[in-house]
Amino acid sequence: MKVQGRMFIWLAVFILVMAIVYGVWSKEPAGTTALFLAFGLSIMIGYYLAFTARRVDVGAQDNKDADVADDAGELGFFSPHSWQPLSLGLGGAMAFLGVIFGWWLLFFSAPVIMIGLFGWVFEYYRGENANQ
């Protein structure tokens with residue numbers, strides 16, 4: 001994680017320099033704002049990765065002498081049968097369509113998003129998959 005954190009921090013520095021240069025030369029507010037927002041996102045991700053790297057064990061990507069097989073193993077738990085991402089995707093699509101066709105569509109998409117989000121957060125606390 002240290003490598004990825006440094007990469008994002010250096011990317012953020014580069015984007016900041018380019019945002020300043022672009023803003024001074026072009027005097028165009030939309031692109032300048034977008035570049036400064038990209039700087040903010042890059043620095044947040046870089047800080048998070050660098051902050052987390054100090055608290056977790058050293059990964060194979062941080063060892064210069066590591067082999068590819070050293071990074072093998074379990075990466076985390078991913079639910080193999082969850083339908084909640086589908087409902088969140090449909091609700092998000094309806095919300096973005098609300099921007100195009102009318103804000104009234106958000107009143108129909110908000111409950112779909114909330115139901116999907118609630119179901120995804122609590123899917124292992126109720127029903128046949130309850131393990132807590």
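Predicted model: local features only at pLDDT ≥ 70, side-chain atom pairs only at ≥ 80, totals over all residues.

Colleague: Which helix is serine 42 found in?

Modeller: Serine 42 is part of helix H2.

Colleague: And what is serine 42 in contact with, leaving aside its neighbours within four places in sequence?

Modeller: Phe8, Leu11, Ala12 and Ile15 are in contact with serine 42 once those neighbours are left aside. Two of those names come up again on the H1 side: Ala12 and Ile15 are among the buried residues of H1.

Colleague: Which are the buried residues of H1, then?

Modeller: They are Gly5, Ala12, Ile15 and Ala19.

Colleague: What do the buried residues of H1 pack against?

Modeller: They pack against H2.

Colleague: At what angle do the axes of H1 and H2 cross?

Modeller: Roughly 165 degrees, with the axes of helix H1 (residues 2–26) and helix H2 (residues 29–53) coming within 8 Å. Angles over 145 degrees count as roughly antiparallel, so H1 is roughly antiparallel to H2.

Colleague: Is that crossing of H1 and H2 left-handed or right-handed?

Modeller: Left-handed. As for the residues in the contact of H1 with H2, they split into 20 nonpolar, eight polar and one charged.

Colleague: How many residues does H1 have, and what does it reach from first C-alpha to last?

Modeller: H1 has 25 residues and reaches 35 Å, close to the 36 Å expected at 1.5 Å a residue.

Colleague: What follows H1?

Modeller: Lysine 27, and its phi is positive, near 55 degrees. Lysine 27 has that positive phi although it is not a glycine.

Colleague: Where does lysine 27 lie, by the way?

Modeller: In the loop between H1 and H2.

Colleague: Does lysine 27 count as buried or exposed?

Modeller: Exposed, because its relative accessibility is 68% and the cut-off for exposed is over 50%.

Colleague: OK, switching to the other pair. How do the axes of H3 and H4 cross?

Modeller: At roughly 160 degrees, and the axes of helix H3 (residues 84–101) and helix H4 (residues 106–121) come within 8 Å. That makes H3 roughly antiparallel to H4. The crossing of H3 and H4 is left-handed.

Colleague: Which residues make the contact?

Modeller: From H3, they include Gln84, Pro85, Leu88 and Met94. From H4, Leu106, Phe108, Val112 and Trp120 are among them. By class, the contact of H3 with H4 has eleven nonpolar, seven polar and no charged residues.

Colleague: What about phenylalanine 96, buried or exposed?

Modeller: Phenylalanine 96 lies in helix H3 and counts as exposed, at 63% relative accessibility. The C-alpha atoms of phenylalanine 96 and leucine 106 are separated by 8.3 Å, and these two are ten residues apart along the chain.

Colleague: And leucine 97, what's its relative accessible area?

Modeller: It's 37%, so leucine 97 is partly exposed. Leucine 97 is found in helix H3 too.

Colleague: What is leucine 97 in contact with, leaving aside its neighbours within four places in sequence?

Modeller: Gly102 and Leu105.

Colleague: Last one: how far apart are leucine 97 and serine 109?

Modeller: They're 9.4 Å apart in space, C-alpha to C-alpha, and twelve residues apart in sequence.

Notes. Residues numbered from 1 in each chain as written. Heavy atoms only, no water. Axes fitted to C-alpha atoms, helices over the stretch in contact; angles between N-to-C directions. Helix = DSSP H or I, 4+ residues; strand = E, 2+ residues; numbered from the N terminus. Parallel < 35°, antiparallel > 145°, perpendicular 65-115°, else oblique. Left-handed = near helix turned anticlockwise from the far one by under 90°. Contact = heavy atoms within 4.5 Å. Nonpolar A, V, L, I, M, F, W, Y, C, P; charged D, E, K, R; others polar. Buried < 20%, exposed > 50% of the residue type's maximum accessible area, 1.4 Å probe, protein only. Expected span 1.5 Å × (residues − 1).
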